[in-house]
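Please take a look at this protein chain. Have the sequence and the 3D view side by side as you read.

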Amino acid sequence: MKNRYPMPERKWFLWLAIVGLIGVVFFIATMIPDTFCPEIRIQTRNRVSEDYNPTPIQLKAILHYATSRVVPQQSLSEIKISFDVLKSLGRPSKFLVFGLGHDSLMWASFNPRGTTLFLEEDPKWVQTVLKDAPNLRAHTVRYRTQLRDADALLSSYRSEPACFPSRAYLRGNSACKLALDNLPEEVYETEWDLIMIDAPKGYFAEAPGRMAAVYSAAVMARGRKGSGVTHVFLHDVDRKVEKAYAEEFLCKKNLVKSVGRLWHFEIPPQSNDIDAPSFC
């Protein structure tokens, strides 16, 4: 998630184009003469006024990306997957994102009137990002895992009853090392419509790895009480650990789309088969 190194400014002009397009729409709307179908002019103005009602976070995002050489880490085709889901829901959504970085303003602006919450393991990085984007909401997370233990955790969780799919829970579950047991209450109390996993770090042995994030996302999705599915997006599935944990806890049967290094799962609430031996 933390793409701290500037990338080529190949997309900054796209944001300028967005600003320009908005200006063109207003220009056309105001240039329609009163004598030429005045009712059309009124309808056009009203429609533009309704459509162009940006929130502060959206305006901040446009300004940020239009003036920055740093672009989001995910590719355009990968970003479009979650963007399309948010658009298809047609309402303010509850969006939980593992990771805080240069793309966080973008995610929040896609869900302007909803709840977007970021979970990040590095408190100093949280301060750095929020200094430039104080409207973002983020919490620091303490992970109990290390990437070096990924294989052992994957094999041993089956012998720990607190990790079993039929008994899985997160808050205070210190017995299951894959459970994120000390998150803010808001995370546990909210039924998330979308969960993006693009953190924590998972590219060196001492890093937390994404094992607990994947497991905990699966538990949250399966525990959903409301109708519908939970959309879970996992990035960097070209890496061994991400792929193995996705197949173990998010399940290939729930995989609905794969683009680049991103997998999109639609996970239904837990079935009535409470004695299921595995998550999948």
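The report below goes from the whole chain to its strands, helices and cores.

## About the model

This is a predicted model, in which local features need pLDDT of at least 70, side-chain atom pairs count only at pLDDT 80 or more, and totals for chains, interfaces and linings use all residues. Residues are numbered from 1 along each chain as its sequence is written, and side-chain values use heavy atoms, with hydrogens and water left out.

## The whole chain

The protein chain has ten helices and seven strands. Both are DSSP runs, numbered from the N terminus: helices are H or I with at least four residues, and strands are E with at least two. The chain holds 280 residues, and 45% of them are buried. Buried means under 20% relative accessible area, exposed means over 50%, and partly exposed lies in between (1.4 Å probe, protein chains only).

The chain exposes about 14300 Å², of which carbon and sulfur atoms supply 57%. Such areas come from the Shrake-Rupley method with a 1.4 Å probe; for residues, only the protein chains shown count as cover. Now take the contacts with a separation of 6 or more: residues 24 or more positions apart account for 69% of them. A contact means heavy atoms within 4.5 Å.

## Strand β1 and its partners

Strand β1 covers residues 94-98. Four of its five residues are buried, so the rest of the structure largely encloses it. β1 pairs with strand β2 (residues 115-120) in the parallel sense, over five bridges. Two strands pair if DSSP finds at least two bridges between them. Phe-95 has Thr-116 in β2 as its bridge partner. Between the two strands, the chain passes through helix α5 (residues 104-110), and this β-α-β crossover is right-handed. Right-handed means that, with the strands pointing away from the viewer, the path from the first strand over the helix to the second runs clockwise.

β1 also runs parallel to strand β4 (residues 194-197), joined by four bridges. Here Phe-98 stands opposite Ile-197.

## Strand β5

Six of the six residues of β5 are buried. Thr-230, Val-232 and Leu-234 point one way, while His-231, Phe-233 and His-235 point the other way. β4 and β5 run parallel, with four bridges between them. Ile-197 has Leu-234 as its bridge partner in β5. The chain goes from β4 through α9 to β5 in a right-handed β-α-β crossover. β5 also joins β7, this time antiparallel, by six bridges. Thr-230 is paired there with Ile-267.

Because its relative accessibility is 0%, Leu-234 counts as buried. Leu-234 and Ile-197 are 37 residues apart in sequence, but 4.9 Å apart in space, C-alpha to C-alpha. Leaving out residues up to four places away in sequence, Leu-234 touches Ile-197, Val-214, Glu-242, Ala-246, Leu-250, Arg-261, Leu-262 and Trp-263.

Which residues of helix α6 (residues 123-132) are buried? They include Trp-125, Val-126 and Val-129. These three cover an arc of only 105 degrees around the axis, so they lie on the same side of α6. The arc is that of the directions from the helix axis to the C-beta atoms. Lys-124, Gln-127 and Lys-131 are exposed on the other side. The cover over the buried residues includes β2 and β3 (138-140).

Helix α10 spans residues 240-250, and its buried residues include Tyr-245, Glu-248 and Phe-249. The buried residues of α10 pack against α7 (150-156), α9, β5 and β7 (262-267). Just after α10, Cys-251 takes a positive phi of about 80 degrees.

## The nonpolar cores

In soluble globular proteins, nonpolar side chains tend to be buried together. A nonpolar core is a set of buried Ala, Val, Leu, Ile, Met, Phe, Trp, Tyr and Cys residues joined through side-chain atoms within 4.5 Å. The largest one here has 46 residues, and Phe-98, Tyr-215, Tyr-245 and Phe-249 touch the most other members. Helix α9 (residues 211-222) gives this core its largest share, ten residues. Apart from it lies another core of 25 residues, including Ile-57, Ile-81, Leu-86 and Leu-262.
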